[in-house]
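Let's take a look at a protein chain together. Have the sequence and the 3D view open while you read.

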Amino acid sequence: MRAQNCRHTTKKMEQCKIKNLYNLTETIAAGLFEGLTYPWEALAKIGDYIVKLGNTLDPERFEKRGENIWVAKSAKVAPTAYLNGPLIIDEEAEIRHCAFIRGNAVVGAGSVVGNSTELKNVVIFNSVQVPHYNYVGDSILGYKSHMGAGSITSNVKSDKTLVVVKNGTEEIATGLKKFGAMLGDHVEVGCNSVLNPGTVIGRNTNVYPLSMVRGVVPSDSIYKKKNDIARKEDLKS
């Protein structure tokens, strides 16, 4: 089902917009976001976009491996990694031992997909690290974001209802059954944290280990637990 987004949002929801979360110069998939307002609107388009983009990639720089799989010749892919298309792995990326990429995935330049990490229907911007036992599904991870060991995105609600992005009393109905997390640039997620369906984390925010995160987390913050989110600038004063 296509996302159904409210275009007239308050300032609370402004931070959920693509322009306030991501530096689009730091992904090979910048064109995917053209004409969109919120990043989750791109989720249903990832697979088709990869096929379109992949067929334009320079064969001097990218090797086509199987159906709809393009891997940069400078990328390092462990022989035990599983790659399923549509998939693009950009230059200098590293896909480590037993990584499981199920398809509809863009792995950015210089990114790391680590041991036993699983990806599905995702855009991983440049220099992102998901290096140890992570699950990232139906999600978009911004430039230089990092998910600590064992942290995962939960992409389907337990009652199987459609995901709604919530920020206090403000809500945006997405029309999506599967929606993991939108991580802005430079987000740090602590080990063994769970990002629940519909999570949006603003740029430069840190999430404590063992956190259970839901809804919108402001940029430039430290998420300690629900209702305990500190602004980094306040801690400096």
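First, a term: pLDDT is the predictor's confidence in each residue, on a scale from 0 to 100. For this protein chain the mean pLDDT is 94, and 95% of the residues reach 70 or more. Residues 1–8 are another story, with pLDDT below 50. That stretch still has 22 contacts (heavy atoms within 4.5 Å) in the model beyond near neighbours in sequence. Where pLDDT is low, the predicted coordinates should not be read in detail.

Some ground rules: this is a predicted model, where local features need pLDDT of at least 70, side-chain atom pairs count only at pLDDT 80 or more, and totals for chains, interfaces and linings use all residues. Residues are numbered from 1 along each chain as its sequence is written, and side-chain values use heavy atoms, leaving out hydrogens and water.

## Salt bridges

A salt bridge here is a side-chain nitrogen of Lys or Arg within 4 Å of a carboxyl oxygen of Asp or Glu. Searching the whole structure turns up seven of them.

One of them joins K120 and D138, at 2.6 Å from N to O. This pair links distant parts of the chain, 18 residues apart: K120 sits in strand β10 and D138 in strand β12 (residues 135–141). Strands are DSSP runs of E, at least two residues long, numbered from the N terminus.

Another pairs E14 with K17, at 2.9 Å. E14 is partly exposed at 24%, while K17 is buried at 14%.

Note on methods: Buried means under 20% relative accessible area, exposed over 50%, partly exposed in between (1.4 Å probe, protein chains only). Helices (H or I, at least four residues) and strands (E, at least two) are DSSP runs, numbered from the N terminus.
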